[in-house]
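Dear colleague,

Please read the notes with the structure open beside them.

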Amino acid sequence: KVRKGYPNHEQTTPTGAAILNALCKESTFPTTRIQSIGYGAGTRNPKDYPNILRLILCAEDVQNKTSTVVCLQTHVDDMTGEGLPLLIERCLEAGALDVFAQPIMMKKGRMGYLITALTREEKQQTVEESIFTNTSTFGIRYTTMKRTELDRVKEPVTTQWGIIHVKVGKKDQEYKQASVEYEEAAHIARTHNIPLQTVYQTTLALWREQCSSDS
């Protein structure tokens, strides 16, 4: 049974109310997993109800974590492959999540490229502007779609060359994917004049050891 509290005296301290007002924002109740529940008793002893505070600690339910993305596509047959790396770089700077180009056969037997960019809805306009600016296209098609995501975190790994981060994908707190951050690994490989694959393999092996010791 749940009912409204009695307004006969303050139900929380002014400091507690200020903290809640500063850190919390109103939203619909999310789907969560309860991790733990705690109780605390106050010094007052009202006769009509128990003076007890219950705190529930919840974690976001990532079992079906989805998001909306926009897929932008266009065909071009009058630009060289030299322009593609810069196009991809500019689109990523504009907010694209991923960009790629595929060689295709177009009308009149012309070889061209299918350019695809994935972005969030709020970045669609800036990514479109980047495609128009850096290609010769006259139009861009787009579709909105859902995607399921793993919960992503970066975990530091201590190696003989320094700290290297591993990007980890989790679902229901279970490891699903792990990959070494390329830029960090490439910097180590250049600095120490060692193969990139050596950095990858060593870092992942140390990360697995780290996971085993944590569990």
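Two terms are needed from the start: helices (H or I, at least four residues) and strands (E, at least two) are DSSP runs, numbered from the N terminus, and two strands pair if DSSP finds at least two bridges between them. Please keep in mind that this is a predicted model, in which local features need pLDDT of at least 70 and side-chain atom pairs count only at pLDDT 80 or more, whereas totals for chains, interfaces and linings use all residues. Residues are numbered from 1 along each chain as its sequence is written, and side-chain values use heavy atoms, with hydrogens and water left out.

An open sheet is formed by 4 strands in the order 4-5-3-6, with antiparallel pairing. Strand 4 (96-105) and strand 6 (141-148) each have a single partner strand and stand at the edges, so one side of each is left without a neighbour in the sheet. From one strand to the next the twist averages 25°, where axes are lines fitted to C-alpha atoms, for helices over the stretch in contact, and angles run from 0 to 180 degrees between N-to-C directions.

Strand 3 (residues 66-76) is joined to strand 6 by 8 bridges, the two running antiparallel; Ser67 has Arg147 of strand 6 as its bridge partner, and Gln73 stands opposite Arg141 in strand 6. Strand 3 is also joined to strand 5, again antiparallel, by 7 bridges, and in strand 5 the bridge partner of His75 is Leu114.

Helix 3 (residues 124-134), for its part, lies across strand 3, strand 4, strand 5 and strand 6, and runs at about 15° to strand 3.

The nonpolar cores

A nonpolar core is here a set of buried Ala, Val, Leu, Ile, Met, Phe, Trp, Tyr and Cys residues joined through side-chain atoms within 4.5 Å, and buried means under 20% relative accessible area, exposed over 50%, and partly exposed in between (1.4 Å probe, protein chains only). The largest such core has 15 residues, of which Leu72, Cys91, Ile115, Ala117, Val127 and Ile131 touch the most other members. At least two residues of this core come from each of strand 3, helix 2, strand 4, strand 5 and helix 3. If its neighbours within four places in sequence are left aside, Leu72 is in contact with residues including Ile115, Ala117, Val127, Ile131, Ile140 and Tyr142. There is also a second, separate core, made of 13 residues, with Val157, Val168, Ile188 and Cys211 among them.

Strand 8 (residues 162-171) and strand 9 run antiparallel and are joined by 6 bridges; Val168 has Ala178 of strand 9 as its bridge partner.

Two loop residues

Most residues other than glycine have a negative phi. Lys108, in the loop between strand 4 and strand 5, has a positive phi near 65°, and at 70% relative accessibility Lys108 counts as exposed. Asn193, in the loop between helix 4 (182-192) and helix 5 (196-214), has a positive phi near 55°, and Asn193 is likewise exposed, with a relative accessible area of 73%.

The chain as a whole

The radius of gyration of the chain is 26 Å, whereas a compact globule of 215 residues would have one near 17 Å; the radius is taken over C-alpha atoms, and the globule rule is 2.2 Å times the number of residues to the power 0.38. Along the principal axes, the C-alpha atoms fill a box of roughly 85 × 50 × 30 Å. Of the 215 residues in the chain, 25% are buried.

With kind regards

Conventions. Contact means heavy atoms within 4.5 Å.
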